[in-house]
Amino acid sequence: MARKSWIALVGAFALVTVGVTYIMGLWITPPDVFQGNLVRLIYVHPAVAWVAYLAYGVTSLASLAYLWKKTRNYKWDLLAASSAEVGVVFTALTLITGSIWGRPTWGVWWTWDARLTTTALLLVLYLGYLALRRVSEDREQRAKRSAVAALIAFIDVPIVHQSVVWWKTLHQSATVFNADLNPKIHGEMAWTLLLGFLSFTVVYVWMVIKRYDIARTQFKLEDQTVERAIKERVGTI
Amino acid sequence: MKHGRQVVKVEEVTVLLGGFPALARCSFDVYEGEIVLIAGSNGSGKTTLLKLCAGVCGFRDGAAKVFGIDLRHSRSEVRRHVGYVGHASLLYNELTVTENLKFIASCLDIPQDKAFSYAKEFGISGALLSQLVGTLSAGQRKRVSLASAFSRECELLLLDEPHASLDQDGKELLEIASVRFKELGKSVVVASHEFERMLILSDRRYRMDSGQVFSE
Amino acid sequence: MLKAAKVIALKDLRIELRSRVVLNQILPFVVVVLIIFAFAFSKYPTLLVTVAPGLYWVATLFSSLLALQRSFSLETENGAKDALILYGLDPAGIYVGKVFAVLVEMVVLEVFLTLGIVLLYSVHLHELVDLAFTGLIGTLGILAVGVTFSAMTSASKAKETILPLLLLPVVAPVLLSGTKAWENEIAGKAGLGDPWVGLLILFAAAFLSLGTLTFGSVLEE
């Protein structure tokens, strides 16, 4: 099968699984004893957060592959950039869905909980990465520098997380993931939850492929523009 | 006219500056013990060619070697063997001439005396040494830059518009130093639009136009 | 590597002694920040004592941004960064030298900052050695990342705006750990065995290693 049809197939699969998750999550599964219909966010929120981490993991690996001389190739740089961009979208979604969930549950849109704070820092960390990608004009320079920045972020995330966890736990008990509020998960709920993870992962894969293709097309277009510019320059003599 | 070992070998190289091909399929070579002149109007690619040979900028297509070292993979290796003077003085304005020379000497691991004797050769001595570089005239600063590049005593010296802002005296000092280097078997590449000055001293002349090099 | 580091650090410190930019411009900035914080908490002056550790680290962070920018504007002025590459200096050495020079400048600033906190906010400090060590190691962590980011951005058009955007989120753990460690030390609850100090050491060690390994890739154009 051609590459294009493969991508279309992945896209279709993403659409179907998200659709099924939607139906399962909103109609098939029962409301929670404590949280009522709010519990349905559990089919979206953790899955979206998982994808954000997955995306940054891919960015880190691709950046490492670029920096390592034996595997150095612009493909890795483009993959790192594509994955980071999708990661930022999913981090924002994590914060938004978390906020929507938090407001009725805890009565506030935002609380300085460890996970929330880490996620917010994660968002600005990778916004910085994307901003850095825009400042250099030279291809090689951009690739090297953003790869180093991605590694810095990668090392930073666990330290950020650890510091934020201590920050909260050393001074007040964790309130957010209180056992009483935790829904009891069983039966179709578990399946829907699992399906949510699967569907959003497939959505991620599809988005990264699409974004990567755009980046590659842009890369080729730049090459063509350069070829034309060279011909023009040589031709003026 | 070509003799000796080939020092620089640039073949069909393209260098991009922000998407613009400053060098377009450019070929160029330099041999041991010769003074090579490169003339050309503004924007013809002289500066980029010298930066390429100095190992400070990368390139896209083609092949480039200096002293047989591949510029694509080992730019930092090339830099160790090349002296370069560009438009920027590469000096610290807030340090005195002496402090700048001492800094450069310790970076390059050469004796300080050598740096000072080259400075003297370019007419930088006495009270000038304790002046801040920021307070020097453009011509004096150029002399310090030239002296520091010559003091490396590299086998290849790349001079980008060295005549600019030098007075008559300075130009003559530069020519004397270049000829002496040539006689020691070193190669000197001079990019300049003041072509006539070094015409008699040079072994080969090139002309640059639209990012390409042509023999005269 | 150490030779290159020494050459670079001495050069930077000599320029600072001559130009006094850190002393004459960044130090007054620190004082202004201290005064402005006092305005922000004017309703509850005693609160200043409580939040002093946090203010200390915020002020340190902001002034290190300025010191870093100053350190790299020296190199871009006359294309001197190209020169460092041309001279064939070991990139790791350049990195270590830069970190060390800015660290020395920051230590001077932080001494004045601490004095300011004691005098202006009436904070009583004990365990000065612990506090000093915590300050030093935290600042080292900030600069370990900061030098890498400054080198990346110093030649770009948007250098003033992009450096804070890159650096602040990354060093957030330093701000947090530094503040907590200072709070504990001032309260006499924990010394250098505090896990927060451990986190600061981990941060500095991780990013010093990464910076040393990757500075070649950052510097080469």
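**Close-up views of a two-chain predicted model**

L37(B) stands opposite R205(B) in β9(B). The model is predicted: local features need pLDDT of at least 70, side-chain atom pairs count only at pLDDT 80 or more, and totals for chains, interfaces and linings use all residues. Residues are numbered from 1 along each chain as its sequence is written, with chains lettered from A and ligands numbered from 1 in the order written.

**View 1. Strand β9(B) and its partners β3(B) and β10(B).** Strands (E, at least two residues) and helices (H or I, at least four) are DSSP runs, numbered from the N terminus. Strands pair if DSSP finds at least two bridges between them. β3(B), residues 35–40, pairs with β9(B), residues 204–209, in the parallel sense over 5 bridges. β10(B), residues 212–215, runs antiparallel to β9(B), joined by 4 bridges. Here M208(B) stands opposite V213(B). The hairpin has 2 residues between its strands, and S210(B) takes a positive phi near 50°.

**View 2. Helices α3(A) and α4(A) packed together.** α3(A) spans residues 74–106 and α4(A) residues 114–135. Their axes, lines fitted to C-alpha atoms over the stretch in contact, lie 9 Å apart at about 150°. The two are therefore roughly antiparallel (angles over 145 degrees, between N-to-C directions). Residues of α3(A), including A84(A), V88(A) and L95(A), meet residues of α4(A), including L123(A), L127(A) and R133(A).

**View 3. Where chain A touches chain B.** 11 residues of chain A contact 13 of chain B (C-beta atoms, placed from the backbone, within 7 Å). Helix α6(A), residues 188–235, gives the largest share of chain A's side, 7 residues.

Conventions. Contact = placed C-beta atoms within 7 Å. Axes fitted to C-alpha atoms, helices over the stretch in contact; angles between N-to-C directions. Parallel < 35°, antiparallel > 145°, perpendicular 65-115°, else oblique.
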